[in-house]
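Good morning, and thank you for the time.

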Amino acid sequence: MNAAADRIAEVLRKTRGAVDVRVEQTEGLPMLDIRPNRMAMSRIGVTAGDVQDTVAAAIGGREAGMIFEGDRRFPVVIRLSEASRSDLTQVAQIPVPTSAGGFVPLSTVADIAVVDGPNQISRENGKRRVVVQANVRDRDVAGVVADARAAIDAQATMPPGTYVEWGGQFENLASARDRLMLVVPVCFAVIMLLLYGALGSVRDAAIVFTGVPLALVGGVLALVVRGMPFSVSAAVGFIALLGIAVLNGLVMVSSIRDLMARGMDRVRAAHDGALARLRPVAMTALVASLGFVPMALGHGAGAEVQKPLATVVIGGLISATLLTLFVLPTLYARFGNGGRRRM
């Protein structure tokens, strides 16, 4: 797993946007490694069991008897002292019995060395894991992961029984994206139902709803101009933007319908209603936009979350306001409900 993690780290270092790549430290703990030399054992007449039993008794300890104190029993364990176990010279001199009845030093039938062993073995859901970490800069997380996945599949061969999981911000993004696939259509449906309930006309509700696409276009263009990727905070900004855009459109159409209810024809009502609601609509958009300017220009802690949200809202409000003031009255004059509503 460490070798596979190192290969993945090399691929990530070559991926544009992935920086600060680091593999979880799993080794570095000094361990005493005693490996039996089978050729030497065969010449001297020592079996692997003899070597293992001797090492187990000297290093780990072996029960040699029992001490009784009343009805209590205490095992007597014999092993080398801590100082002797830490001294490779003394460990190498541990006597190992031979088949002829004599003894030979342990170093004669085994290779003794201090090696780096596992420092930690991490597990998740009962399975061993090694974490490869990386930060993302100057690119979107989804794009970096897509490129890294393709490169890993092509260059890094995974051992049998191992697999790769992507977590962190990418996992949060994927989870949020799945939720947004459900939340956004529900928001659109609820907005249409509320507009129909307020206006009593599917046609008028659809005209007000035309503010949504142009608002989305403005938000997307604002992200492109500032070079920001789509993120969860940007998606939240789009949802907030829809409410403001629909509110301004509803104010405009309600004014036009009120003028029509007083006997004015539709074209004239659209013109006068747009003039009457110019200041309220512009002030609503201006106040909301100015309120998000500090967030859009922030550079402190949390700016990576605030900037996309504020950018989407400001850009979307600009395009949605233009639609509400100029395009929406024209659409209503051409396609609005021609009937008159009684006060």
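Let us begin with Asn248, which is found in helix H11. Please keep in mind that the model is predicted. Is Asn248 buried or exposed? Asn248 counts as buried, because its relative accessibility is 4%, and the cut-off for that class is under 20%. Setting aside neighbours within four places in sequence, Asn248 is in contact with Val281, Thr284, Ala285 and Thr324.

I turn now to Met252. With neighbours within four places in sequence again left out, Met252 is in contact with Gly273, Ala274, Arg277, Val281, Thr324, Leu325, Leu328 and Pro329.

Which residues have the most contacts inside the largest nonpolar core? They are Leu195, Met252 and Ile256, in a core of 23 residues. Two or more residues of this core come from each of helix H8 (169-199), helix H9 (202-209), helix H11 (232-261), helix H12 (266-276) and helix H14 (303-335). Of these, H11 gives the most, with seven residues. Apart from this core lies another, of 18 residues, including Leu241, Ala288, Ala296 and Leu317.

Finally, the surface. Helix H13 covers residues 278-296, and Val287 lies in it. Val287 counts as exposed, because its relative accessibility is 53% and the threshold is over 50%. Val287 also belongs to a nonpolar surface patch of about 560 Å².

Key
Residues are numbered from 1 along each chain as its sequence is written. This is a predicted model: local features need pLDDT of at least 70, side-chain atom pairs count only at pLDDT 80 or more; totals for chains, interfaces and linings use all residues. Side-chain values use heavy atoms; hydrogens and water are left out. Patches are made of residues with over 30% relative accessible area and no salt bridge: like charges are joined within 9 Å, nonpolar side chains (Val, Leu, Ile, Met, Phe, Trp, Tyr) within 5 Å. Accessible areas come from the Shrake-Rupley method with a 1.4 Å probe; for residues, only the protein chains shown count as cover. A salt bridge is a side-chain nitrogen of Lys or Arg within 4 Å of a carboxyl oxygen of Asp or Glu. Helices (H or I, at least four residues) and strands (E, at least two) are DSSP runs, numbered from the N terminus. Buried means under 20% relative accessible area, exposed over 50%, partly exposed in between (1.4 Å probe, protein chains only). A nonpolar core is a set of buried Ala, Val, Leu, Ile, Met, Phe, Trp, Tyr and Cys residues joined through side-chain atoms within 4.5 Å. Contact means heavy atoms within 4.5 Å.
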